[in-house]
Amino acid sequence: MTNPRGDGLPEAAWAAILARHAGKPHHLLQALREIQEACQAIPPAAVARVADALGVPLARVRGVIGFYAFLTEQPLGRYRVLFSDNITDRMLGNQELLAALCEKLWVEQGRMSEDGLVSVDTTSCTGLCDQGPAILVNGRAIAHVTPQRLERIAKLILAQTPVEAWPEELFAIEDHIRRRDILLDHGLKPGDALRAALARGAESQAEQAATLEEIKRANLRGRGGAGFSTGLKWEACRNAPGKIRYVVCNADEGEPGTFKDRVLLRAYADLVFEGMTVCAYAIGASHGFLYLRGEYRFLLEPLNETLARRRAAKLLGSAILGQAGFDFDIDIHLGAGAYVCGEESALIESLEGKRGVPRNRPPYPVTHGYLQQPTTVNNVETFCAAALIARHGGDWYRAIGTAKSAGTKLLSVAGDCARPGIYEVPFGTTVRQVLAVCGAVDTLAVQISGPSGVCIDASEFDRRIAFEDLPTAGAFTVFDQSRDMFEVARNYTHFFAHESCGFCTPCRVGTAMLKATMDKIADGHGTPYDLAEIEKLDRVLHQSAHCGLGHTACNPTLDTLKRFRPMYERRLKSLDFEPAFDLDGALATARRMTGRDDAGAHLSMESEA
Amino acid sequence: MSESATFLLDGEETPFQPGQTVIQAALAAGRYIPHLCYHPEFKPHGSCKVCTVKVNGPGLGRFAAACTLPAQAGLEVASDTEEINDLRRTLVQMLFAEGNHFCPSCEKSGNCALQALGYDLEVMTAGFRHFFPDRPVDASHPDILLDFNRCILCELCVRASCEVDDKCVFALSGRGIDKHLVVNAESGLLADTDVALTDKALEVCPVGVILKKRVGFAQPIGRRRYDPEPISAQALRDAPRPPTGAGRCAACEAEE
């Protein structure tokens, strides 16, 4: 089966990978991801071979492997089980399930079993919050993990049944579309939006730009959360000097609590690609990428089928819809577990096969993007809206929503509510209206736009989903009165520390310190000094972090300290200060070595005090 | 562009050339802005954030790294203020807490930019709980020691090795607090790379990671780089150096 060189890869698989990527340093991440998928690790010999074949220094290959959570040099077993660890998964009992699975499989969390069969660990939100708890097994997503389903999974692993041979129904994913509006009820057939764009004229540059004018007139703003004007972005890219222009669809939907792009890419893929192609036409781009987060690997084949269908229908390729000179095609690149790649310049670095570190800006991607060429990066939902505007015009679109926020927004509703799922609402809808329609009762707080967004309490439920009030990338996570908002913030703090790229000092060190301080408070060793410490770290991150991840990493603690301070204070000791060094914790290794856990093996701080 | 273009740095008119960033213009004009990862011979990096300044201008009121912020006529830059120096002090404290820095026993003491900056910013304690990371040294090479305990991840060796030496001996792996330096050998050991004692990468380490063996105390403490004068004066002396980071390896980013 495997080749004699000891890199563990079947020769046919090597040949296929090399045929696609040899001599192309920008394909490094894609090559590594494919090897990981084939071998469940990147064997040492494969590291050197990839470096050689792609013309990249070996140390840089290691650097890329070390950056992406799904790539590993250390073998992690023939089965790698990763539990999604968003707060919504925790609320559905993922920690108990993880512990139960470890026990069944006789394995410690984060380590490979002695027989090399399996490893079990956590991973950042996998985008199945509406049907959690969720896991990934060898990269394949499984939703609705119950004790019964977990029992089946454990049996399949112990029987060493290949994941490809597991019953298909285990991998069933639902769309859970609960409310449709203009986008989810679009009624367009493939090519309708493009034909409308071409009908505005294709002879002169000015005529080609007519659709761009419609996008500007529509007042469409980016759906990734920041809300930059899509029309201005496209125009800047169109006007930037460059040899070739690129359109990039940001499908790295990593914000914990959001999953609307998953549904768009599954049930509305034609509309996404149509929007990208409209963009290409409007800005004069010839190549496009869809950057798909690794957690959505299960969407790759269906998306490629949609692309093939569109090529056959002359909606992609050269002379699209018979229009000479209108050439555009789309490649899909997969991520490999890195939230920061949702930042557009980090995403471009990742597309270039590198560590996904956000670039220094200026220059911005619209002038210096992929391979330093003008590049438009937009969210999945933005491209869908652009396709609608191309078909129906800007005036039609801007009549919906509010004056500053045109159109509708897809919300990924999850947490404590009766009907989690996708709700498309016009901008200007209040939080209270959303809570009513999703069947949330006794709501304590709502996290809008995920941990990087804002946490609001009941006094603010009349606020509106809109760029001018509550801007959002779509996550809408509901917490009822039974929830502890300190634990919510602590989960998010762990998330940011795990996902920090480590480029800049404040985020690399600050997120780790924030996590340690929240853990100290959770362990019962917190004091008022630690709350002041959190506020200091928040300030440093806000003032000096390199990108949005660092700037917003302090939001969960800032927001919950402001609104739910008693949930922090009731954990504090009355002392002004307690050393961060945990004396009892320092004995943990000794306890494991001696197999003791009795009272005499613990230092009790309480009894001394 | 006119020679007379200026911006305000702490209230003083500071001239700049087109293409200069705020720190480049400031240092050329004899004005010091504290920094660690910025090196006059290399393209600005912007990772340590010690050079953070507050920028006010038309429509602006924000913090930015002075090394990557393009100088612009009319910018109002605040650098030497209590608020900003407090931030810098905290960032330097974070770097001390992140690694294992034991100045009294470090052979780089007196030649170390982190230590010198600590003195200059009046950092009296680490201020935070130390991480005490486990970072084994690499003593495999006969002439060079790598002590990763002191690494501040400025990437100067990475940049020098790729851009000047054309070797890419160093790279970064891991992410977040686990980010770390790796070397270009299948074994992961420096002895198996093509590093040479004459490499630029060996000169640029601002702290005590990359050390030539057997010369550690040739220069006695008291007569070292930052002993006679503080880092602020040294930095100004170093400022007008022509960039040497022009040599590029094939795999370096396809810029320019």
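Me: In which loop of chain A is Leu587(A) found?

Reply: Before answering, note that this is a predicted model, in which local features need pLDDT of at least 70 and side-chain atom pairs count only at pLDDT 80 or more, whereas totals for chains, interfaces and linings use all residues. Residues are numbered from 1 along each chain as its sequence is written, chains are lettered from A and ligands numbered from 1 in the order in which they are written, and side-chain values use heavy atoms, leaving out hydrogens and water. Helices (DSSP runs of H or I, at least four residues) and strands (runs of E, at least two) are numbered from the N terminus. Leu587(A) sits in the loop between α24 (565-569) and α25 (588-594) of chain A.

Me: Why does Leu587(A) count as partly exposed?

Reply: A residue is buried under 20% relative accessible area, exposed over 50%, and partly exposed in between (1.4 Å probe, protein chains only). Leu587(A) has 32% relative accessibility, and therefore it counts as partly exposed.

Me: Which residues form a nonpolar patch on the surface with Leu587(A)?

Reply: Patches take residues with over 30% relative accessible area and no salt bridge, joining like charges within 9 Å and nonpolar side chains (Val, Leu, Ile, Met, Phe, Trp, Tyr) within 5 Å. Areas come from the Shrake-Rupley method with a 1.4 Å probe, and for residues only the protein chains shown count as cover. Here Phe581(A), Leu583(A) and Leu603(A) make up the patch with Leu587(A), and together the four have about 340 Å² of accessible area.

Me: How many of the ten residues of helix α4 of chain A are buried?

Reply: Helix α4 (residues 58-67) of chain A is mostly covered, with eight of its ten residues buried, among them Leu58(A), Val61(A), Ile65(A) and Phe67(A). These buried residues pack against α2 (28-39) and α3 (44-54) of chain A, and also against β7 (170-173) and β8 (180-183) of chain B, where contact means heavy atoms within 4.5 Å.

Me: Which residues have the most contacts inside the largest nonpolar core?

Reply: A nonpolar core is a set of buried Ala, Val, Leu, Ile, Met, Phe, Trp, Tyr and Cys residues joined through side-chain atoms within 4.5 Å. The largest one has 154 residues, and Tyr68(A) and Phe170(B) are those with the most contacts inside it.

Reply: The size of an interface is often given as the accessible area lost when the parts come together. Buried area is the accessible area (1.4 Å probe) that two parts lose on being put together, summed over both; between chain A and chain B it is about 3600 Å², of which carbon and sulfur atoms give 57%. The contact takes 47 residues from chain A and 48 residues from chain B, and Phe503(A), Arg508(A) and Gln543(A) supply 17% of the area that chain A buries against chain B, more than any other three residues.

Me: How many salt bridges are there between chain A and chain B?

Reply: Side chains of opposite charge can pair when their charged atoms come close. A salt bridge needs a side-chain nitrogen of Lys or Arg within 4 Å of a carboxyl oxygen of Asp or Glu, and the count between chain A and chain B is two. Arg508(A) pairs with Glu98(B), their closest N and O atoms being 2.6 Å apart, while Glu499(A) pairs with Arg175(B) at 3.0 Å. Glu499(A) lies in helix α19 (residues 485-499) of chain A and Arg175(B) in the loop between β7 and β8 of chain B, so this pair joins two chains. Glu499(A) is buried, with a relative accessible area of 3%, and Arg175(B) is buried as well, at 9%.

Me: Where do Lys216(A) and Glu213(A) both lie?

Reply: Both are in helix α10 of chain A, three residues apart, about one turn of the helix, and they form a salt bridge whose closest N and O atoms are 3.7 Å apart. Just after α10(A), Asn219(A) takes a positive phi of about 60°.

Me: Which peptide bond is cis at Pro363(A)?

Reply: Most residues other than glycine have a negative phi, and most peptide bonds are trans. In this model the bond from Pro362(A) to Pro363(A) is cis, with omega near 0°, and a cis peptide bond also joins Arg361(A) and Pro362(A). Pro363(A) lies in the loop between α15 and β9 of chain A.
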